[in-house]
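Hi there,

Here is the structure I promised to pass on. Have a look at it first, and then read my notes below.

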Amino acid sequence: MKYDIIIVGGGVIGLSIAYYLKKESPSMKIAVYEAKYIGYGASTRNGSHIRVHFWSEPNVVFAIKSRKLMLSLGSETGWNPIPYIGGYLWLIYDEETYQTYRSTDKDIWKKYGVGVEFMDPSEVVEKYPYLNVGRLIAGVFGREDGKIHHDFVTYAYAHKFMEKKGIINEYTPVQKILIDGNRVKGVIVSGKTIEARKVVIAAGAWSKRIMKDIGIDLPLTPARKELSVLEPVKFFIKPLIIDMREDSRGLYVCQTPRGEVMGSVDYPEIRGTYEFNNTLKYLSTYAKAVTRLIPSLRKLRVLRVWSGDYNISIDHSHIMGRDEEWPEGLYVATGYSGHGFMMAPYTGYLMSKYILNDYIHRDMEPFLPNRFREGKLIKEVMVIG
Amino acid sequence: MDGDEPEPQSRPLSVKLLEDGIYILSKSFKFKRPRGVRNLAWWGSERIELKNGYNINPNIVDEKLINEIVKIKKLGLSSKLIWSFRDSLGAGFYHKKIFRNKLVWSLFTKMINKFLPYPYPDMSQSPNTTYPLQINIDSKFLIIGGGISGLKIADELSKETRSIVILEGEKYGVGGYASLLNGWPKKIQTLYNKLRRKGIKVINAAVFQGFLEDAYIAYKYDTEQTIKIDADAIIIATGGYEIPPLFENNDLPFIFSLTTLLKLINKYGYTRLRKGVIIGGMGDLDKALDTLIEKGVNITVIYRNQAPQKDREYLDKHGINYVEEVEKIRTSDTLRVKKLLIHSSRGEKLNLDVDFVAYTPIVSPDKEVVAQLNPKYVFDTRLGGYIPLHNLSGEIFRDKNIYLSGISGGYFPIDTIEKYAAIQARYIISKALNYENYDIYDFADAFNEIKSRYKELYQAYVMMDAAYQDSKVYEYIDWENPPTLFEGDASSIFVCHDMDVLYKDIVRSYKELGMWRMEHIKRYTGLGTGVCQGRDCQLNAAIILNRISGKKFLEIGIFRSRYPVMPQTLESLAGVEE
């Protein structure tokens, strides 16, 4: 068996890369190997949101373009990912954070046309009467952000990729990446060698281990995050709301268009790849925090809980492309630090250009893996949840 | 009944739907609330008919919405669009076709609240930090399920310790099969009274919520309190599971387990089941038949082999018709099957008019609780319930002290249950209380006894074992001539009642997109993401997928039924102390 390109990982990142590669070069033989079913990891376990408001210029630029591609996905693939652009609302309780938002807005967001709206507490209360905001300093509203059906994005890529004779293998974990001298030779699957000229690692939380096997250490730490959904009620929480009170433990809450209220807190902090289980610690902490912020949720019932991964990189920004010191033909797209779903479309678009033509777009340059070696880290700290 | 009179049950939506001629494959009896958007596309007898076939359920949709729909029509949208719009509401929100159209989607998002048949939450709640009190259980043994099996194990355990708590989901008295009959069997009543005299605590209206990583909790739903459990050993005795298997053109006659039949008739007061067939051979039929005869239901009992002597005596005494050594059951192939053809190897041929078929064998235990553990394991138990036979000790985790009672009162004769319970209880005592040299039963002997004494049971297990491997399901059906799938208008058959996923949605997912893994069906259609979390609908979906794709059950797989078993209020969780 011989392929031009093998993609390790059938999540939204791997499939987006596969989709754009096929689109650019339909005759190319491309296979995706997925250890479980497509979307098994963070792709199906995320909060299904997109946003453009990051704290570093490279991420803002990347996210704006990714958002644009995401919103045109419907007409491009026939799968409308049913977007609802309801915005993000940050509730800010201390002066220092407030000033950071002010300066980021002035220096970065406005520059790219995604300036935010600052509201004083009375405006917030008037506009969102269901919130109990306590000693709020300000609300910050990002209009461009919103929700999108994450599964449909994954399926759209997979469906279109397969339509063009792309191959997706589910339940076929890649055991090893084969390196011959200074070149990638292929992968080993179920004890068999599958040859390929190029191999892309897009295995989410499992990328670190795969790369480590061939002697490359990426500065990544997976973190398990828990989420829950309440029974549906009429749609009243339009934006995604982030409560920045210290004791809210990174609470965010939103409502899906079908009425289910979804949210999370950053507790308990669990690092590493663990089973996707849930804890009472999470449930009770979340319940306390969310009923304080929105008291009308008190009597609503928890319908289901689940957990997923953030694959957190040292500078909270993803790693894409390759380092010239690596074996030839080896690429990565990983370490999205909780933003993988929203960054997937532009990742696929840029990676396909890079893999096929060796073309490094300027938007992707800051995210190349050699930044760790050269000490050019991205100054990104905005990770939600 | 020891002073505890059961409260009359209100009739759940499922029964109403059945009576309106809407057939549901997954029956979520426990939760009485409709969730699906399909309530808007209604074809029940009380419907409001708009032009172009747009029907509305007057019970759920208000006048405002109807006006809104009329307004859309005035906008000049074609009736075809409205039809497809109605259609699109089918699989939750997530059916693809109509929402491919951006204009429709943006219109829809603007009108979202009109289309969601849910209320607003109580907006008058004020912020406060007083939460419902938490109940703490600290005992040596916790038994989940207060049916015959749970009671009997408690009885055995109580010989060693009184530190036993039983959680029962019913609001009053015992649970399980006995609670469906007209009066508890005498043995159960005696047992119940005995346990109460011994001071063993039964907490009613309490649902075990499943296995979190850091705690075991249950939920007392009548008072909306969290129960936090600290026990040395947990014994799951949550009984049998009603699976309505897919027969050829599975719309009618209604086919379900005897437990479901009793629930419908005796608990929920469903009145349209007047005559039918019970596939017998396993449990004690007498109490169930007593109950059904009293309701005036006309029954024929059929047996795959010979009827047990006990059954024969009872049937003869009451003049109930029965057929032994049945080889084949066929249904007529018209849309609404009313006739059942039964052939026995003795040459008997029966041509019956029926409203239902109920079966006693082939159940799987403990669906809701065990469903929280490990999907593969649950699939085993769901498809055959043969684990207790393979593993009579009931031990499901070597290191966790959680045991599974594989004995279901609805399907086993009482003396079998007693024997099982004794075997299990002694084993559990020896393990959980670290008793060394404790006299435990020899499981191999018990296994052989079942094999020789309960041939039907053993056969059913073997059959299900084979079915699990070979992707055949029920041998009672004539699988030689493969059944055709429902090709006509299957729009009125629900598979997932919570998320309104229809039979045809699953067929479509496979035919149009080649999806046949359960994980993908779940994400694409929304199946099993509602209250039941797949506990009710997954098996049927798996059978449908198996029939259309030919894939084995193991390949189709199942998704994880997520915590909790019963939806639980946020405030009850907010009050939990760590």
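Chain A of this predicted model is divided into two domains: domain 1 covers 2-48 + 151-219 + 315-374, and domain 2 covers 85-145 + 222-312. The C-alpha centres of domain 1 and domain 2 of chain A are 31 Å apart. Where they touch, domain 1 of chain A gives 15 residues and domain 2 of chain A gives twelve residues. On the domain 1 side, these are four nonpolar, ten polar and one charged.

Next, the place where the chains meet. Chain B brings 47 residues to the contact and chain A brings 48 residues. Several elements of chain B each supply at least two residues of its side, including α5 (102-110), α19 (518-525) and β21 (568-569). By class, the chain B side has 25 nonpolar, nine polar and 13 charged residues.

Finally, a pair of helices in chain B. Helix α7 (residues 148-157) packs against helix α8 (residues 186-197) at an angle of about 45°, and their axes are 10 Å apart. That angle is why α7(B) counts as oblique to α8(B). The crossing of α7(B) and α8(B) is left-handed. Among the residues that meet are B:Ile148 and B:Leu151 in α7(B), and B:Ile188 and B:Leu191 in α8(B). This contact has seven nonpolar, no polar and three charged residues.

Happy exploring!

Key:
Residues numbered from 1 in each chain as written. Chains lettered and ligands numbered in written order. Predicted model: local features only at pLDDT ≥ 70, side-chain atom pairs only at ≥ 80, totals over all residues. Axes fitted to C-alpha atoms, helices over the stretch in contact; angles between N-to-C directions. Helix = DSSP H or I, 4+ residues; strand = E, 2+ residues; numbered from the N terminus. Parallel < 35°, antiparallel > 145°, perpendicular 65-115°, else oblique. Left-handed = near helix turned anticlockwise from the far one by under 90°. Contact = placed C-beta atoms within 7 Å. Nonpolar A, V, L, I, M, F, W, Y, C, P; charged D, E, K, R; others polar. Domains from an automatic or database assignment.
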